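Subject: Structure handover and notes

Hello,

Here is the structure I said I would pass on.

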Amino acid sequence: MEWTENVTGLQHIGIPTEDTDASATFYRRLGFETALETENEGDRVCFLRLKNLTLEVYETEKAAGCDGAVNHIALDVKDIEEAYSFVKSLGVRILQEITELPFWEKGVRFFIIQGPNKERIEFAQYL
């Protein structure tokens, strides 16, 4: 499979917050709807969706609260193992190895790399 055929588009944009309720209310006022509310290691996570754009608003005590506060973008992939092999062959810095979480109906597997400006890029596959 050609590498670009593995990527199906933007899966979500991750935004850390110190107040999930306030953030979710703000985005709902813009027309987003709650797609999923869950927890990750005790921290609240809320996925909000407006058409084909999904935001992952997740609670943390360390939200930047300034310009550049978006934590990561996530690319949706069909095959996480193939994506990992390809990205690893590029010699980029891998911040998090393939991990699985019980989000969504059947779970999600993902890994995170660092871009040239220290941006975090997540590759994620819905299971």
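This is a predicted model: local features need pLDDT of at least 70, side-chain atom pairs count only at pLDDT 80 or more; totals for chains, interfaces and linings use all residues.

Residues are numbered from 1 along each chain as its sequence is written, and side-chain values use heavy atoms, with hydrogens and water left out.

The whole chain

The protein chain has 3 helices and 8 strands; these are DSSP runs numbered from the N terminus, with helices being H or I of at least four residues and strands E of at least two. Starting at the N terminus, the order is α-β-α-β-β-β-β-α-β-β-β. The radius of gyration is 15 Å, close to the 14 Å from the globule rule for 127 residues, so the chain is as compact as a globular protein of that length. (That radius is taken over C-alpha atoms, and the rule is 2.2 Å times the number of residues to the power 0.38.) The C-alpha trace spans about 40 × 30 × 25 Å along its principal axes.

Of the 127 residues, 37% count as buried. Buried means under 20% relative accessible area, exposed means over 50%, and partly exposed lies in between, with a 1.4 Å probe and protein chains only. Among the contacts with a separation of 6 or more, 53% are between residues 24 or more positions apart; a contact means heavy atoms within 4.5 Å.

The aromatic cluster

A search of the whole structure gives 9 aromatic pairs. Rings of Phe, Tyr and Trp (its six-membered ring) pair if their centres lie within 6.5 Å; planes under 30 degrees apart are stacked, over 60 edge-to-face, and the rest tilted. Tyr84 and Phe111 make an edge-to-face pair, at 5.1 Å centre to centre and 90 degrees between the planes. That pair links distant parts of the chain, 27 residues apart: Tyr84 is in helix α3 (residues 80-89) and Phe111 in strand β7 (residues 108-114). Tyr84 is buried at 11% relative accessibility, and Phe111 is buried at 0%.

Phe111 also forms a stacked pair with Phe123, at 5.0 Å centre to centre and 10 degrees between the planes. Phe123 lies in strand β8 (residues 120-126) and Phe111 in β7, so this pair ties together parts 12 residues apart in sequence. Phe123 is buried too, with a relative accessible area of 5%. Trp3, Tyr84, Phe86, Phe111 and Phe123 form one aromatic cluster.

Single residues

Ser23 sits in helix α2 (residues 20-29) and is buried, with a relative accessible area of 16%. Leaving aside neighbours within four places in sequence, Ser23 is in contact with Thr17 and Val57.

Val70 is in the loop between β4 (53-59) and β5 (72-77) and is partly exposed at 46%. Not counting residues up to four places away in sequence, Val70 touches Ile13, Gly14 and Ile15.

Leu10, in strand β1 (residues 7-17), is partly exposed at 42%. With residues up to four places away left out, Leu10 touches Leu53, Ile73, Ala74 and Asp76.

Most residues other than glycine have a negative phi. Glu41 is not a glycine, yet has a positive phi of about 50 degrees. Glu41 lies in the loop between β2 (33-40) and β3 (43-50) and is exposed at 79%. Lys51 likewise has a positive phi, near 55 degrees; Lys51 is in the loop between β3 and β4 and is exposed at 76%.

Regards
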